[in-house]
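The sequence and the structure come first, and the text follows.

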Amino acid sequence: MSPDLDTCRGSLARVQTLLPCQYAQYVVEDPDDHEYRVIASLVPPGQQGYATAHRTGIIGQVFRLEQAILASDVAKHPLYDPFDA
């Protein structure tokens with residue numbers, strides 16, 4: 001069963017009130033191809049988000065540890081996996 005999208009969006013909105021973040025994602029693992037699918041996200045106006053998250057890097061570590069990672073600047077995090085410029 002997939003998480004309720006309205007609940008996921010509400011969770012991200014609550015996170016944003018607690019932590020001053022520009023980006024946040026609610027990600028689930030697709031049972032068919034095991035890709036991490038972004039089902040809800042916070043993205044600044046005019047910026048682009050992604051439908052699939054990386055298995056390596058910060059998001060992959062979150063899945064492996066089953067714990068959130070809060071990074072003040074993901075580009076400086078040792079697990080940062082740059083996707084594009």
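Helices (H or I, at least four residues) and strands (E, at least two) are runs assigned by DSSP and numbered from the N terminus. The model is a predicted one, in which local features need pLDDT of at least 70 and side-chain atom pairs count only at pLDDT 80 or more, while totals for chains, interfaces and linings use all residues. Residues are numbered from 1 along each chain as its sequence is written, and side-chain values use heavy atoms, with hydrogens and water left out.

**The sheet**

An open sheet is formed by 3 strands in the order E1-E2-E3, with antiparallel pairing. The edge strands are E1 and E3 (52-53), each of which pairs on one side only. Two strands pair if DSSP finds at least two bridges between them. Strand E1 (residues 24-29) is joined to strand E2 (residues 36-42) by 6 bridges, and one of the pairings sets Ala 24 against Leu 42 in E2. E1 and E2 form a hairpin with 6 residues between them, and in the turn His 34 has a positive phi of about 60 degrees. On the other pairing, 2 bridges join E2 to E3, and these strands also run antiparallel. There, Tyr 36 stands opposite Ala 53 in E3.

**The helices**

Helix H1 (residues 5-18) lies across E1 and E2, at about 55 degrees to E2. Helix H2 (residues 57-65) packs on the sheet and touches E1, E2 and E3; its direction makes about 55 degrees with that of E1. Contact here means heavy atoms within 4.5 Å. Axes are lines fitted to C-alpha atoms, for helices over the stretch in contact, and angles run from 0 to 180 degrees between N-to-C directions.

Ser 11 is in helix H1 and is partly exposed, with a relative accessible area of 24%. Buried means under 20% relative accessible area, exposed means over 50%, and partly exposed lies in between (1.4 Å probe, protein chains only).

**The loop between E1 and E2**

Glu 35 is placed in the loop between E1 and E2 and is partly exposed at 28%. Leaving aside residues up to four places away in sequence, Glu 35 touches Val 28, Glu 29, Asp 30, Thr 52 and Ala 53. Its C-alpha atom is 7.2 Å from that of Arg 55, which is 20 residues away along the chain.

**Salt bridges**

Side chains of opposite charge can pair when their charged atoms come close. A salt bridge is a side-chain nitrogen of Lys or Arg within 4 Å of a carboxyl oxygen of Asp or Glu. By this rule the count is 4, and the table lists some of them.

| Arg 37 | Asp 30 | 3.4 Å |

Asp 30, Asp 33 and Arg 37 are linked in a network. In the remaining tabulated pair, Lys 76 is exposed at 70% and Asp 73 is partly exposed at 34%.
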